[in-house]
Structure formats: C-alpha cells, structure tokens
Number of protein chains: 2
Amino acid sequence: MPEVSVRGQQMPLSPIRKLTPLANEAKRQGVKVYHLNIGQPDVESPAKAIEAIRSIDRKTLEYSPSDGFPSLRQKLTGYYSKFGIDVKADDILVTAGGSEAILMAFMACLNPGDELLVTEPCYANYITLAVEAGVNVVSVSSKIEDNFALPPIEAFEEAITPLTRGILLCNPSNPTGYVYSPKELLQLKKIVEKYDLFLFSDEVYREFVYTDEPFLSAMALGLENNVVLLDSVSKRYSECGIRVGMIVTKNQAVKDILMKYCQARLSPPLLGQIAAEASIEGVEDYLAAVHDEYKARRDFFIKRLNSIPGVHSPMPHGAFYTVASLPVEDSEDFCRWCLTTFRDKGETVMMAPASGFYRHPGMGRNQVRLAYVLKIEDLARALDILEAALKAYISR
Amino acid sequence: MPEVSVRGQQMPLSPIRKLTPLANEAKRQGVKVYHLNIGQPDVESPAKAIEAIRSIDRKTLEYSPSDGFPSLRQKLTGYYSKFGIDVKADDILVTAGGSEAILMAFMACLNPGDELLVTEPCYANYITLAVEAGVNVVSVSSKIEDNFALPPIEAFEEAITPLTRGILLCNPSNPTGYVYSPKELLQLKKIVEKYDLFLFSDEVYREFVYTDEPFLSAMALGLENNVVLLDSVSKRYSECGIRVGMIVTKNQAVKDILMKYCQARLSPPLLGQIAAEASIEGVEDYLAAVHDEYKARRDFFIKRLNSIPGVHSPMPHGAFYTVASLPVEDSEDFCRWCLTTFRDKGETVMMAPASGFYRHPGMGRNQVRLAYVLKIEDLARALDILEAALKAYISR
C-alpha cells in the first residue's frame, strides 16, 4: 500500500471539529448537544440573499470569472469604503470562503520554510493551512490575564529571524474576541516596516465590535504593499455555507500571482456569489439588529460564564467567541467526557479545547474556546449544563 | 516591498485562461469572440437542479459537513454503481470542484519533491496544482499520430525513478478526448502494482464516451489501496459554476488525511451541493440527450476541422475536446493574433495553445486544444473564422 504524505500526517486535527465523531455518537444515542464549539450562528441570513437564490433565472450554472464577478467586486468596494478601506474592484479577488483566501495568500506570498508570526491563541486553521503551505507558524503569546491584548512589541522583535516573512493578525480576534486598538496596530506597523514583512489581516469579524471606538483596518495603515486583507461574508451575513471570501491587496505583484492561483482552480462558487452580492447593499438594519443580538448574547454569556465557580473569561469586545479558563487540568479530556459520559436530562455541551489554538505545546491546557452564536435561552441552558458538568467532573 | 513567493512565480499561467485579457479587450471593442478555448458548455443544467435552488426553504445558509452532506454522498454511491464502481458513502469526500479534489489528493498522498507521472498532453491544471503542492510532474508523451493512445508501457518504466509516487490518468482525456481501453488500463495496473504507486484517475468525463465499448473505471481494477478517483459534477450536469467535486478512495489512511484537509477549509459549497444532489437521480433522459448532442457536435466538428487545409485532428472518442495540429509554427502566436488582430465580419475565435498542456518544452507548439461545447451553428461559424484566420495568418 502506498504511504500517505508526511505533510498530511503532520497536519493537526481541527480542534473545533475533531470531537465531532463523539458528538455524532451522542446524538445517535438521542442526546441533545449544545454546540459552543463552532462559530455557526443560528442567526438568519439576510432575506435578500435567500430571495436572490430563490429567484435565479439561469439555465446553465456556468463558471464565473476566476477572480469573481466584477459586479460583486465593485459592490465590495462600496462596503469597504465605510470602514476607511479605500480599494478598487481590481484589488479584490473572490475566493471559496475565507479559508481559501488564507491558503492562497500563504501560497502567493510565502515560501516553504518561511516563518509567519501569529499571536496565540490563534484561529486553529491558520496552523493547519500553514502546514498545507509548508509555512512555519511562530507564535507570540498573548495572555488571558492581559485579556489577550497584543503581546509587547519586544516579544515580536525577539521572535523575528531571517526566515520571518510575515505577521498574521485576526482583528477582532477569533478565538479571543479581542479588538486591537489603533495604538497596538501602529506598534505593529513599525515592525512591519522595519523588517519589510507581509501583514496578513483577517478582519472577517469587523462588523462585530461592541465598543464605541471605531474599528481600524490594517488597510488604513498606509502600508499598501505590505498588507493583505483576508475577508469573508460567512460571519457578517451568517452565510458560512456559501463559501465566499476575498483577498484584498494593493500589491500588484501579489495580485498577479494570486490570479494564477485563482485560475488554477477555475472559479469561486457561482451561487454563493449571487447570495453574497445580494447581501451587501441595503442591509444596514439587518446588520444593526445582528450586532445588537450578538452584543446581548455576549453580555449575558460572559456574565453567566464568570458566575460558574472556577471559570474565568475576559470580556471580549468583538467577534463572538471567548477563551475561558476552567477549573480542570486537561480541558480536552473534559470536553471528551462531556460528549461521551456526562448527561444532564439527556443533554450535554460541546466545546473546543483551547490547546489546539496555541502553537506552544502545553499552553491553554485548562482553557476552552466558546462561541456564543446561539439564542440566549440556548446559551443559558448550555452554561447550566457546563456548570453541572464541571461539578460532576471534578467530584467524579 | 516584500517579495512574492518563488512557487508563485514558478506557477505557470493557465493556457486556457491566460489569453482572457486579450479576449476581453476584443469584446470591449465590440468584437464577438467564439470560445473554443474553454470547456464551459452552453448546455443547460438539469431543470431539477435549478428547481432545487429556486425552492430552497432555508433561513440560514450554514456550513455543511466538511466531507459533504451524507445524503449527497449516499446518492453518489448509487450513481457510481452504474459504472461498476462499488463504493460506500464513507469512501466519498465532497470538494469545492474537481480542482480542489486534485489539489487535496496531491497534498494527502504526495510529498514535496515527489514525482507524478502524467501522460502528455495533459489537463494543464494538473501542472499548476502540482506546482502548488510542490510535486514534480514527469510527463510520458502520447503522440498525435497515435491518436494520443496510452504511450508504450516501457515509456512509463523508463520514467520511473525512486521519487515516483503516483500516476495520474484522465479518462476520457482532457485535452485529447482519448478513451483508454481496458487493455491499456490493465497494462497500467501492472506498473501500479509493481512499484506500489498511487493511481489518480480523473474520470469527470465518463458520461461522454462515444464508442460502444463500456467505460472501465480505475476503481474497478481491484487496486483498492492504490486508486484515488477524482470526480466532479461540473461537466456531466453542465454545472461548472457550482464547484462540487469529489475524491473517492477505499484507502482508509488516505481518507483519514483527506478529512483533515476537508476540515481545514471547513466545508464544500452548500448551495452547489443542493444543486448537485438534485441532479443525480431521474436524469437518464437528460444525460442521454446531452450525450447525443455532444456526439453530434463532435461528428460535425472533427469532420469540418479536418477539412481545413493543413489542419489535423484525431477522432476523439470521449469528453468534448480535441488537440489538433495547425499549419503554423507557433500556435500561441496565432491564438494571440486571432484575438488582437484578426476579424471576420467583426468576429473572431479564441483557442487554447496546446504547449501549456505539455510538460516537455517545445512540444505541441503547432497544436491547439479546442472544446466543442457550443451549438453546432456556433461551431460552424467558429471554424469558418478559423479557416479564414489561418489563410490570412499564413499569407500576412
């Protein structure tokens, strides 16, 4: 039998999805599972998007342009301008979700063996997609006791080697919900300029900021040739399944290379683009309502979470996740036990062990990432279960 | 300014799409361009697929499972069984088009620096996607004078080195339209067994075979741990835009690795899967009609093509392409000239220079790949233009 690839073996399992087989088995047994593990909102997509899909009048579901429909890219320029992101349609390439945007950006900008600095805990698929691209993720640790703020700039300086080619920031952060301040971004800017690095800025949660301070995009830092914006409609319009993301950059050489990658996989999803395009304009009320809904969920969720003995979560100011510490030694063991063993009136809870969001082995071992994407009544029930589970686990 | 990646620079431009800017410029000038360059059929998708999309009743366009909807994978087992491909739903992983299937299969099975044997001329994106995966494509040449039949098995033996890890066959072939016979497949089987290689079998055109001999899938060769089937609904249901492909294998280790790649990009397109699933059952009449339509187009196209002085095309027995030789020295120059300079009553033709489908430099320089995916009246007009263009080009 031929051997599978070494890189495939090295690829870590997704910490968000690797316990899914256990959850599926619990469901098979009739157990109700509350999913705090995954950022799959129960929020409805814009009605305009559904209507656009329901009213397609095409007879042939043909390829779209490799870099996406011009009309979609044009509408996106208007969307971006509201955030001080001044780009042209030609600066935007449409991808099969934010995931493809990340992979393509890595492929186009970084060589195998290059090092990419990432603050940890980080979105776990930065690590898996970097392995796919042969890129080494070097993490700079942020700390729960600092509310996961940007690590001191000296920590970045110390991590830089001759192989360092870029910094990747998720702002607002998945998994911590931290929103980087203009001051922090200006500190990063200095490092990017000093070492002439790529700055990959994943801003898919920019609609979900719960402070009064305006959100500052990396594209507004005046680093035109360094910044590669990674984006997606998945979260802002609750359209995770349509797989429409984008890469935005003004670096012409990067754009030229990206176009080759886009052409190699022919085109992004046609139907998803139709839904995405219909979602961009005239959805102010929708976005405001969704924003307020998440803010209310956050307020409820974090307060209730911190009321559980031994649990600590910082107050996240953006996105819809938090990384919380639990009064357990090994959160993965606890998460597995919740799925395989613990039941509260035939129900249990699924969480993502946080160690998979860290690059340094052993870090975040007592932490979990939780997504507050469910209705408040479901979040309340999920946290009641979590509290009962912790009590039972500790005293078992 | 930070440098783009070396691998990005090494990535060849798609020979199918690289002349698109010239075509767009011609169209901007009001010129009508007949596209013989790309396998984008003008054939309608099944009405059932469009209807499934038009009648979705979801409110949230959420993630699907990373390996695709179980119901879709189950229906596919029924489809495959009609071709003697005996697989279970768990042997199938749904991808974002056949392109992602190819890339993921390379990533999961091959290491950077590994060699993959491919018959040339080959589908050009095997080369680009291999560059993306760091895999070296080593080509074994088939010849136009042999109608692009399988090269002698000795040529494969000669090409094998200690780095060879797999063979990739496209059957029926894009770009040549050749259908490999059971005898040829059995010859390949011996090599695959002798060297314990992966056999990647791209069979996206299996519905389009115009001989009476039944199509033999590599999955029916009894090489369960070696064969990785690459597939897509794009061509068989004229649904290129929905980006739904699949990888089929019974090798459990490969499946386990592939699942990690699937999870790293979260999920395949939701809406495309809905269209694909609606296309699988009860479309016998549709497929028969499409088959007959392509056969009629082929019969017309190849006969007319060979009637042009100096042009030669073998008779393809499958898919909807042919590689033809033209009475020119440099077909790429001719293809460019057709788009930039030649006009016949304000119309011209776009073709794909064949050299991009060869790995050996200089091969196929006088050849083009042509897709006969247009209505016969459009094909007739396109070939009239080609004949006039050749005459003008040669005497210019």
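Trainee: Why is the pair Asp90(A) and Arg73(A) called a salt bridge?

Mentor: This is a predicted model, so keep that in mind throughout. The N to O distance between these two side chains is 3.8 Å. The cut-off is a side-chain nitrogen of Lys or Arg within 4 Å of a carboxyl oxygen of Asp or Glu, so the pair counts.

Trainee: And what does the pair tie together?

Mentor: Asp90(A) sits in the loop between helix 4 (70–81) and strand 2 (92–95) of chain A, while Arg73(A) is in helix 4, so parts 17 residues apart in sequence are tied together.

Trainee: Which of the two partners is buried and which is exposed?

Mentor: Exposed means over 50% relative accessible area and buried means under 20%. Asp90(A) has 56%, so Asp90(A) is exposed. Arg73(A) has 7%, so Arg73(A) is buried.

Trainee: What makes Lys82(A) and Glu284(A) a salt bridge?

Mentor: Same test: their side chains meet at 3.7 Å, N to O, and the limit is 4 Å. This pair links distant parts of the chain, with Lys82(A) in the loop between helix 4 and strand 2 and Glu284(A) in helix 11 (residues 284–306), 202 residues apart.

Trainee: Which residues are joined into one network by salt bridges that share partners?

Mentor: Asp42(A), Glu293(A), Arg297(A) and Lys375(A). Over all chains, a search of the whole structure finds 54 salt bridges.

Trainee: Now the chains. Why are the two copies said to be related as by a two-fold rotation axis?

Mentor: Chain A can be laid on chain B by a turn of 180° and a shift of 0.0 Å along the axis, with an RMSD of 0.0 Å. The copies are thus related as by a two-fold axis. Within chain A, Arg54(A) comes closest to that axis, its C-alpha at 2.0 Å.

Trainee: And how do you know that the copies meet through the same surface?

Mentor: Because 100% of the interface residues of chain A are also interface residues in chain B.

Conventions
Residues numbered from 1 in each chain as written. Chains lettered and ligands numbered in written order. Predicted model: local features only at pLDDT ≥ 70, side-chain atom pairs only at ≥ 80, totals over all residues. Heavy atoms only, no water. Least-squares fit on C-alpha atoms with pLDDT ≥ 70 in both. Contact = heavy atoms within 4.5 Å. Helix = DSSP H or I, 4+ residues; strand = E, 2+ residues; numbered from the N terminus. Buried < 20%, exposed > 50% of the residue type's maximum accessible area, 1.4 Å probe, protein only.
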